[in-house]
Amino acid sequence: MINTLTKNLVWYRDKLVRRIVQKGPYFAQRLIVKQVAKPHIAKYRGKDNQGPEIFETVFFELRTRCNSHCTFCAGSVENEIRPDLNMPFAVFKKGIDNLKDIGFTGRVAFHITSEPLLTPNLPEYITYAREQLPKVWLQLLTNGRKLNPRSGTAVIDAGINEITVNYYDDACAANHDLPLPQNILKFESEVLTKRFTKGEVTTGHGPDPVKGFDVFRYNCNRRRMNEILSNQTGSSPNKSVMTERNFLGFCHSPLTDFHITTDGTVSKCSKDVFFTDPMGNIMEEDVMEIWNGKRFRDVHRMLLANDRNANEMCRGCDYPGFKTIHGKKDTLKRLLQHSIYGHKR
Ligand code: SF4
């Protein structure tokens, strides 16, 4: 009896929150956002409300190309409008050397809106990062199309700590009984299971809380190609409308992430797919000069004030902007995200 009552109450609560987020009055939407944002703002406030001293992850876009056809992404084969550019090694080296100088120990990844396994000589880049930054977690996020025993072995030999595959295929995502493609299955059976013991390969991200770097992380997620996600600040092909009167405020991305594209330009977030609102360029300034520069810090202060209005892109952006806070079960955040995207992810 009590269980049924609780279930009903939860159902009505969820329904009410969804309704408010999708169609409710602005003040009520803002109330929900303020409530969700509180612990996130507290976490990233930093000294004197200026934001964190340093970012958590540096993303290097080594090549401005993807080989997938996702309808939500401006970087997909049909939608990419940028020239096909590779990051010269000198640009990458400058970024990695800067990170070494400041003793960075977070995460380095090799994608933004792009597929890292399309980068010629990718292992060379990973090897350099591994040598210079032994305490940094190196992540390869890939759509899996180019993952096979050969490419997988090469990146593992180079020193990668994690391979996460987001495999985009509508049929596979809808039916988990359907097998993954041969190239991924072969990588799993011929490389993963042979190079590591069962206990060494785990799912999840980042160093293991107990074993640290003595694990290899492998995740394979089945995703839909035609998902409707964020509007990518107006560039998403299947959701290009910018939000009017945005009730969202805080966004973690510029407070945790540092995105560098092929020529060294730094953006404030991954939703600025074409780097149209640059924060600086690592070939002109050091990484920390850019992070502490006026442009980045203005964005930090704005988002920590739970406001998106002072930046044109943020003003129209519908990315919910909340990272999972470790150990916190945040029902309201989950509901907010599902309501914005219109479905569970
Ligand atoms: S609100 Fe959108 S545009 Fe602004 S920083 Fe966050 S993700 Fe980027």
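**The ligand shell and its setting**

Analyst: In this predicted model, the residues of the shell around the ligand divide into seven nonpolar, three polar and three charged. The shell comprises 13 residues, and the closest to the ligand are Cys-251, Cys-269, Lys-271, Cys-314 and Cys-317. Two helices each supply at least two residues of this shell, namely α8 (253–256) and α11 (312–315).

The sheet may be described next. Nine strands form an open sheet with mixed pairing, in the order β5-β6-β4-β3-β2-β1-β7-β8-β9. The edges are taken by β5 (201–202) and β9 (278–281), each of which has a single partner strand, so one side of each is left without a neighbour in the sheet. Within this order, β7 (residues 257–260) and β8 (residues 265–267) run antiparallel and are joined by two bridges. The bridge partner of Ile-260 in β8 is Val-266.

A further part of the chain is the helix pair α1 (residues 2–23) and α2 (residues 26–44), whose axes come within 8 Å and cross at roughly 120°. The crossing in which α1 passes α2 is left-handed. On the α1 side the contact involves Val-17, Ile-20 and Val-21, which meet Ala-28, Gln-29 and Ile-32 in α2. By class, the residues of this contact are five nonpolar, one polar and no charged.

As for the chain as a whole, it has 12 helices and nine strands. Its radius of gyration is 21 Å, close to the 20 Å that the globule rule gives for 345 residues, so the chain is as compact as a globular protein of that length. Taken along the principal axes, the box filled by the C-alpha atoms is roughly 55 × 50 × 45 Å.

Methods:
Residues numbered from 1 in each chain as written. Predicted model: local features only at pLDDT ≥ 70, side-chain atom pairs only at ≥ 80, totals over all residues. Pairing = 2+ DSSP bridges. Helix = DSSP H or I, 4+ residues; strand = E, 2+ residues; numbered from the N terminus. Axes fitted to C-alpha atoms, helices over the stretch in contact; angles between N-to-C directions. Left-handed = near helix turned anticlockwise from the far one by under 90°. Contact = placed C-beta atoms within 7 Å. Nonpolar A, V, L, I, M, F, W, Y, C, P; charged D, E, K, R; others polar. Near = placed C-beta within 6 Å. Rg over C-alpha atoms; globule rule 2.2 N^0.38 Å.
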